[in-house]
4 protein chains.
Amino acid sequence: MTIRLGDNQYGKAETHVVRVTRGDAGRAQGAPSNEIHEIKDMTVSVALAGDFAAVHLTGDNSKVVPTDTQKNVVFALAAESPVGEVEDFALRIARHFIRDHASVRRARVSIAEQPWTRVHPHAFERSGTEQRLATVTSTRDGEWVVSGLAELTLLKTAGSEFWGYPKDRYTTLPETHDRVLATAVDARWLYARAEVDWAEARAEARRLMIETFATKHSLSLQQTLFAMGEAVLEARPEIAEIRFAMPNKHHFAVDLQPFGLDNRNEVFYASDRPYGLIEGTVTRDDAQHAPQAW
Amino acid sequence: MTIRLGDNQYGKAETHVVRVTRGDAGRAQGAPSNEIHEIKDMTVSVALAGDFAAVHLTGDNSKVVPTDTQKNVVFALAAESPVGEVEDFALRIARHFIRDHASVRRARVSIAEQPWTRVHPHAFERSGTEQRLATVTSTRDGEWVVSGLAELTLLKTAGSEFWGYPKDRYTTLPETHDRVLATAVDARWLYARAEVDWAEARAEARRLMIETFATKHSLSLQQTLFAMGEAVLEARPEIAEIRFAMPNKHHFAVDLQPFGLDNRNEVFYASDRPYGLIEGTVTRDDAQHAPQAW
Amino acid sequence: MTIRLGDNQYGKAETHVVRVTRGDAGRAQGAPSNEIHEIKDMTVSVALAGDFAAVHLTGDNSKVVPTDTQKNVVFALAAESPVGEVEDFALRIARHFIRDHASVRRARVSIAEQPWTRVHPHAFERSGTEQRLATVTSTRDGEWVVSGLAELTLLKTAGSEFWGYPKDRYTTLPETHDRVLATAVDARWLYARAEVDWAEARAEARRLMIETFATKHSLSLQQTLFAMGEAVLEARPEIAEIRFAMPNKHHFAVDLQPFGLDNRNEVFYASDRPYGLIEGTVTRDDAQHAPQAW
Amino acid sequence: MTIRLGDNQYGKAETHVVRVTRGDAGRAQGAPSNEIHEIKDMTVSVALAGDFAAVHLTGDNSKVVPTDTQKNVVFALAAESPVGEVEDFALRIARHFIRDHASVRRARVSIAEQPWTRVHPHAFERSGTEQRLATVTSTRDGEWVVSGLAELTLLKTAGSEFWGYPKDRYTTLPETHDRVLATAVDARWLYARAEVDWAEARAEARRLMIETFATKHSLSLQQTLFAMGEAVLEARPEIAEIRFAMPNKHHFAVDLQPFGLDNRNEVFYASDRPYGLIEGTVTRDDAQHAPQAW
């Protein structure tokens with residue numbers, strides 16, 4: 001019996017970089033400006049895998065790009081050219097490590113972008129809890145782009161039922177033909193290639209998920225999940241596969257009878273825990289299987 | 001020396017109630033509907049003070065309205081009539097306890113409302129981390145309404161300086177005439193009376209705070225804070241006083257010189273901790289002092 | 001009607017400093033050591049009030065000690081001499097600002113200490129969520145020390161009842177003579193003077209609160225709260241007053257009858273929200289009223 | 001091109017159950033007791049995979065065990081017999097679904113146990129942020145047990161270096177022969193079989209990880225990670241593989257020179273973000289590969 005090193009990776013997590021693009025960088029400091037600034041607020045995580053057995057076995061760091069250096073690369077690449085979409089920026093960072101460091105066999109860069117809404121040419125209001133996500137995996141043999149979003153919280157007050165499930169000794173839930181359905185969508189989709197109009201693909205995927213959630217009559221959250229994925233794949237040929245994790249954020253109708261009142265599905269108690277958790281993948285028959293991308 | 005009971009209060013905190021208003025409550029269950037639904041998503045906290053020495057000293061509960069009952073009151077009052085603005089609903093709940101329970105001398109009801117954006121006649125998307133707040137304090141001698149908002153996160157990329165401060169042995173901060181200024185506004189304002197167009201007052205207070213943050217040239221966050229309060233008080237005579245807590249969410253320009261790059265105020269590191277914290281009150285000379293309202 | 005500045009303060013919040021005390025600081029770098037190290041892990045927040053109208057009204061920073069400088073002071077004072085107990089360190093920091101800056105009329109320094117348990121002469125394991133707190137308020141006229149603890153989570157499975165409360169239209173809670181009682185104690189106590197054996201006073205206050213919670217038969221959480229405060233004040237003459245905020249972390253006995261089972265108070269559902277919140281002060285008749293200390 | 005359902009599972013997440021074991025359940029309610037109670041505080045998550053295409057494609061719930069029923073099963077099984085170790089309880093729950101529901105092909109049950117320390121025969125204090133974890137995966141062909149712990153936070157003030165890494169254009173980190181090393185261990189280990197003395201195996205694995213962290217001289221966190229895993233696998237033949245995720249919680253020595261002070265590695269700034277993240281697996285050459293267990 002020999003003990004050995006298995007899968008491993010390391011990197012700098014959650015470097016929080018804010019990139020401002022200002023047409024007026026050359027003006028006198030503090031001078032008033034009416035120019036429009038752009039802002040990109042990103043939390044960047046890098047993870048490197050490769051020829052790193054020595055550091056684990058003997059503490060030999062001669063091939064270990066320090067995580068501090070990785071952080072510096074994030075800042076420097078943010079400066080060197082326009083950041084673009086998070087997918088573009090993640091690709092540039094990942095390719096840097098593959099190109100510059102022979103010991104690195106796989107670089108995975110994950111970015112969470114926090115959106116802001118403009119309220120003035122150079123002032124912004126943070127908009128929402130929703131995050132735009134991108135994960136790029138680069139190797140010398142190929143690269144994969146997974147985009148996503150998290151904490152897109154949706155709720156509908158009609159068009160949702162739940163009944164027809166098996167009953168056994170442990171069943172107490174009453175069937176319902178009219179319930180509140182609420183979830184916080186976590187969706188990640190794999191692109192079939194690495195050259196895409198990222199902004200348009202994201203905007204359309206997002207729009208289709210919201211529209212389907214809102215309009216598709218729901219007999220279960222699973223049905224809604226699949227319909228959301230199907231809508232995205234039907235419309236966007238550049239997307240190969242989409243994975244969802246969707247909590248069922250329960251809204252229980254309050255029993256008002258003890259107080260002499262009817263509850264005509266108008267007063268709900270929003271419960272934190274426990275919650276249902278529905279996870280599912282929607283894919284294409286002809287999609288390449290790419291487990292290394294996730 | 002005698003040991004005695006000092007100030008005390010108790011209640012049910014964070015009852016999460018979602019109130020749906022549906023014009024079509026009478027239709028057949030599960031039938032399709034195109035009617036527009038309204039949603040009000042509130043977390044309600046009740047705190048009662050009064051004649052409660054006995055329970056502390058001997059465990060005599062004969063005057064103690066259980067916190068479970070308080071929760072039930074929140075649900076029942078949400079059902080009995082339209083909720084209206086959070087200030088209206090907080091007033092109804094607070095008055096209930098003052099009217100029905102002789103032992104209660106002060107009822108304080110705090111509501112945090114989570115806004116949602118309509119995406120469909122009966123579907124919604126949660127909008128932002130910002131919360132609408134209301135705290136009502138009711139006694140037999142008067143009542144006070146404090147409204148507020150929390151987690152309104154703002155950032156500006158121009159029009160902010162910081163210099164001219166005292167230097168001593170412990171000073172290392174360089175002066176700047178051009179910095180990123182970011183904060184998460186926590187604002188609470190006291191109304192001079194309890195009958196107000198709550199929705200309009202809130203919307204205008206919020207709009208003025210954002211506009212002032214964005215447009216007022218800033219030599220310090222304190223100056224910005226005062227200007228925001230002044231703008232609100234000048235425009236809204238029904239508001240007597242406004243209190244702010246505003247973190248200075250530091251965005252440090254990254255030193256890119258080691259990488260042979262200039263940073264023309266374009267690449268920032270957003271730091272979590274430590275952070276500046278600026279707290280201040282803006283008030284009127286003729287405002288009644290109402291410490292009991294907060 | 002004139003708009004004016006009311007109460008205000010500002011400072012650097014949450015400077016996270018870890019102070020290591022090593023008897024062997026002079027040894028060769030990297031050399032092995034068997035000496036015992038001490039560690040003090042503190043998050044320090046400073047808030048200054050005083051002659052700060054100008055910065056609010058005109059942005060004149062000439063009296064504003066930058067929050068960055070405040071952070072530097074925390075690090076420098078941590079280096080200059082042994083930190084001691086958090087009360088000692090908070091006193092040193094607060095006095096620094098009062099002594100060195102004429103514009104500062106009140107310095108408030110709050111420290112949250114994270115305890116660690118030694119597992120080796122120079123290795124440690126973090127122990128618990130509980131935090132040791134100290135808040136010192138210094139002025140030219142006096143100084144006040146409030147110590148405390150937060151997130152001391154306690155639970156008892158016997159010796160707790162709740163019955164005899166008023167019933168009305170909104171009451172549904174059944175009375176109980178045997179319930180689980182759980183809370184997360186937040187306690188803050190004011191010392192009658194600023195020279196105290198802080199470590200002993202804290203350890204004894206903590207011990208007495210836990211012992212009283214565990215052994216005092218409880219008819220309500222209010223009764224338990226008062227008994228905890230009384231035990232501390234009776235034993236520690238240097239403590240003038242103690243304030244508690246104690247959530248009632250509900251553990252509901254699960255109804256197992258639908259599954260053909262009895263619940264002999266053995267299976268509980270621990271609910272997150274809503275929760276009861278009990279707040280109370282225990283004080284002495286002869287204690288000086290010191291609202292400025294809190 | 002056909003769109004189809006890929007991998008999927010669903011279940012009830014985070015049912016928070018507290019199980020009290022009381023030798024004295026038959027005594028009169030409210031009567032005093034000196035008997036020793038035991039407490040088990042668990043958050044249980046269930047995820048089922050199997051024959052669930054219909055619900056995704058058409059909303060047919062006829063094979064869908066409701067998540068509400070899953071929650072009821074957790075409570076009922078907690079009542080029916082002693083809970084034992086979390087691994088035992090997870091096995092019982094997982095086997096229930098496999099046995100009772102033909103549509104379920106894989107049941108995965110994850111439990112996070114929150115430890116409590118006894119302070120009295122029937123009172124407890126919550127001890128630490130550390131969680132005991134167990135994940136059981138049951139199918140008709142086999143079952144796998146993964147145990148673990150999370151948020152075991154460790155720090156050492158000596159015996160840690162970091163140097164000898166590659167330098168390039170983006171390197172600014174100075175080498176060090178004496179640094180503070182801190183991490184929050186997340187460790188998960190796979191058992192080679194499903195009958196083990198869970199309590200002893202866990203206690204020993206935990207003890208060995210802490211001891212190795214403390215005593216092994218460290219040239220990198222990767223080296224420490226591997227040594228921790230190696231120590232566990234050498235001592236516990238029932239453990240087949242162990243996976244770690246260990247953040248490098250940076251403690252930066254503060255530059256005190258601007259204040260005319262030396263920092264002899266005594267004053268550190270504990271940074272929140274970014275942080276290093278080291279992930280690695282330690283395994284045996286002869287261990288069965290069991291990706292389905294994780």
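Hi everyone, let me start inside chain C, where helix H2(C) passes helix H3(C) in a right-handed crossing. A quick word on terms: a crossing is right-handed if the near helix is turned clockwise from the far one by less than a right angle, and left-handed if anticlockwise. Helices (H or I, at least four residues) and strands (E, at least two) are DSSP runs, numbered from the N terminus.

Before I go on, this is a predicted model, where local features need pLDDT of at least 70 and side-chain atom pairs count only at pLDDT 80 or more, while totals for chains, interfaces and linings use all residues. Residues are numbered from 1 along each chain as its sequence is written, and chains are lettered from A and ligands numbered from 1 in the order in which they are written.

Back to our two helices. H2 covers residues 67–80 of chain C and H3 covers residues 86–100 of chain C; their axes come within 10 Å and cross at roughly 125 degrees. Here axes are lines fitted to C-alpha atoms, for helices over the stretch in contact, and angles run from 0 to 180 degrees between N-to-C directions. H2(C) and H3(C) are therefore oblique to each other; angles under 35 degrees count as roughly parallel, over 145 as roughly antiparallel, 65 to 115 as roughly perpendicular and the rest as oblique. On the H2(C) side the contact is made by C:Val73, C:Val74 and C:Leu77, and on the H3(C) side by C:Arg92, C:Ile93 and C:His96. By contact I mean that the C-beta atoms of two residues, placed from the backbone, lie within 7 Å. Sorted by class, this contact has four nonpolar, one polar and one charged residues. The classes are simple: Ala, Val, Leu, Ile, Met, Phe, Trp, Tyr, Cys and Pro count as nonpolar, Asp, Glu, Lys and Arg as charged, and the others, Gly among them, as polar.

Please stay in chain C for a second pair. Helix H4 (residues 198–215) and helix H5 (residues 221–235) of chain C pack at an angle of about 145 degrees, with their axes 9 Å apart. H4(C) also makes a right-handed crossing as it passes H5(C). From H4(C), the residues C:Glu204, C:Ala205, C:Leu208, C:Met209, C:Thr212 and C:Phe213 meet C:Thr224, C:Ala227, C:Met228, C:Ala231, C:Val232 and C:Ala235 of H5(C). That contact has nine nonpolar, two polar and one charged residues.

Now, on to how the chains meet. The copies use the same surface, as 100% of the contact residues of chain B recur in chain A. Each of chain B and chain A puts 57 residues into the contact. On the chain B side, E2(B) gives the most, with seven residues, and the side as a whole divides into 27 nonpolar, 20 polar and 10 charged. Across this boundary, strand E6 of chain A (residues 123–126) runs antiparallel to E8(B), joined by three bridges; strands pair if DSSP finds at least two bridges between them. In that pairing, look for A:Ala123 opposite B:Lys156.

What about chain D and chain A? A rotation of 180 degrees with 0.0 Å of shift along its axis superposes chain D on chain A, RMSD 0.0 Å. That is the relation of a two-fold axis. In chain D the C-alpha nearest this axis belongs to D:Pro291, 6.4 Å from it. Here 70 residues of chain D are in contact with 69 residues of chain A. E1(D) gives the most to the chain D side, with 11 residues, and the residues of that side divide into 28 nonpolar, 25 polar and 17 charged. Strand E13 of chain A (residues 275–284) pairs with E1(D) in the antiparallel sense over nine bridges, with A:Leu277 opposite D:Gly11.

Last, some backbone details. Most residues other than glycine have a negative phi, and most peptide bonds are trans. Yet D:Glu14 has a positive phi, near 60 degrees, and lies in the loop between E1 and E2 of chain D. A cis peptide bond joins D:Arg273 and D:Pro274, with omega about -10 degrees.

Definitions and conventions: Copies are superposed by least squares on the C-alpha atoms of residues with pLDDT of at least 70 in both.
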